[in-house]
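The entries follow in the order I made them.

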Amino acid sequence: MEYRSLRKEEITRELFRGFERRQVVTDCLRREQGQWVVKSDPFIDQWSSKDYEFLVSCLRKTLEKDGVVYGAFSEGVLKGFASVEGELFGTRKQYLDLTSLHVSEELRGRGAGKKLLAMAADWAKERGAMKLYISAHSALETQRFYESQGCVDAQERRMEHVEQEPYDRQMELVLVPAESRMDR
């Protein structure tokens, strides 16, 4: 796999010609009475042409607003991507927002997601973020991925994400150890 940042002009619908955003979901994590519980909620999450058009628009806006988009390529074909918005937020301006992290269906479980998350985290840390904010899909396998990477429930919740995707789990990845945060 080749990993690199993407330029605005290359983010087109054609870029996603070999990318399959399809996820067969059986179980989801849901918050009930203050606890996370596994619930059976089978569905197939698959993007339409309209979804890809919206994605292209969002990723281009991310770059226009000083964010970053990374791509993972196999033989020149995009197979994964991650995006981080460029504006700090939170009560102490401690967060940058990981707005997307997706790996094409046929390559999941092979390390591309880990690599893209690490690149996003490094970029966020270089820009002064103490934490990476994640509005994570409720699918159990998505939740387990983020947990395996050290993500935990967010101490602050970004309400625009909560309202847009009420079943998503609001998470964070700590980028700066607690003892280093005293200076900030």
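**Entry 1**

Is Glu126 buried or exposed? I looked it up in this predicted model: Glu126 is exposed, with a relative accessible area of 64%. Its side chain meets that of Arg127 in a salt bridge, 3.4 Å from N to O. Arg127 itself comes out as partly exposed, at 41% relative accessibility.

I then looked for a network. Salt bridges with shared partners tie Glu2, Arg4, Arg7, Glu9 and Glu10 into one. Within that group I checked the pair Glu10 and Arg4, whose side chains form a salt bridge at 3.0 Å, N to O. Glu10 counts as buried because its relative accessibility is 15%, under the 20% cut-off. Arg4, at 26%, is partly exposed. For the record, I get 18 salt bridges in the structure.

**Entry 2: a salt bridge across the chain**

Which residue does Glu106 form a salt bridge with? Its partner is Lys79, with the closest N and O atoms 2.5 Å apart. This pair links distant parts of the chain: Glu106 lies in the loop between β6 (95–103) and α2 (112–126), Lys79 in strand β5 (residues 77–84), and the two are 27 residues apart. I noted the exposure of both ends. Lys79 is buried, at 14% relative accessible area, while Glu106 is partly exposed, at 37%.

**Entry 3: the sheet**

In what order do the strands of the open sheet run? I read off 7 strands, β1-β4-β5-β6-β7-β9-β8, with mixed pairing. β1 (2–5) and β8 (152–153) are the edge strands, each pairing on one side only.

I zoomed in on β5 and β6, which run antiparallel and are joined by 5 bridges. Ser83 has Ser100 in β6 as its bridge partner. Next I checked what packs on the sheet. α2 does, touching β1, β4 (68–74), β5, β6, β7 and β9, and its direction makes about 160° with that of β6. α3 packs on the sheet too, touching β6, β7 and β9, with its direction at about 20° to that of β9.

**Entry 4: helix α3**

Which residues of helix α3 (residues 140–148) are buried? I found Leu140, Thr142, Gln143 and Tyr146. Looking down the axis of α3, I see its buried residues within an arc of 160°, so they line one face of the helix. They pack against β2 (22–32), β3 (35–46), β6, α2, β7 (131–136) and β9 (169–174). Just past the end of α3, Gly150 has a positive phi of about 95°.

**Entry 5: the cores**

How many residues are in the largest nonpolar core? I have 26 in my notes, and those touching the most other members are Val84, Leu98, Leu132, Ile134, Tyr146, Leu173 and Leu175. At least two residues of this core come from each of β4, β5, β6, α2, β7 and β9. α2 gives the most, with 7 residues.

I followed up on Tyr146, the α3 residue from the last entry. Leaving out residues up to four places away in sequence, Tyr146 touches Leu98, Leu101, Leu117, Ile134, Ala136, Cys151 and Met171. I also found a second, separate core of 15 residues, with Ile11, Phe16, Leu55 and Leu63 among them.

**Entry 6: the segment after β9**

Where is Val176? I place Val176 in the segment after β9. With a relative accessibility of 4%, Val176 counts as buried. I also checked Val176 against Lys131: the two are 45 residues apart in sequence, yet their C-alpha atoms are 7.0 Å apart in space.

**Entry 7: the hairpin**

Last, I looked at β2 and β3. How many bridges pair them? I get 10, in the antiparallel sense. The two strands form a hairpin with 2 residues between them, and Gln33 in the turn takes a positive phi of about 50°. Across the pairing, Arg31 stands opposite Trp36 in β3.

Terms used: Residues numbered from 1 in each chain as written. Predicted model: local features only at pLDDT ≥ 70, side-chain atom pairs only at ≥ 80, totals over all residues. Heavy atoms only, no water. Salt bridge = Lys/Arg side-chain N within 4 Å of Asp/Glu carboxyl O. Buried < 20%, exposed > 50% of the residue type's maximum accessible area, 1.4 Å probe, protein only. Helix = DSSP H or I, 4+ residues; strand = E, 2+ residues; numbered from the N terminus. Arc of directions from axis to C-beta. Contact = heavy atoms within 4.5 Å. Pairing = 2+ DSSP bridges. Axes fitted to C-alpha atoms, helices over the stretch in contact; angles between N-to-C directions. Core = buried A, V, L, I, M, F, W, Y, C linked by side-chain atoms within 4.5 Å.
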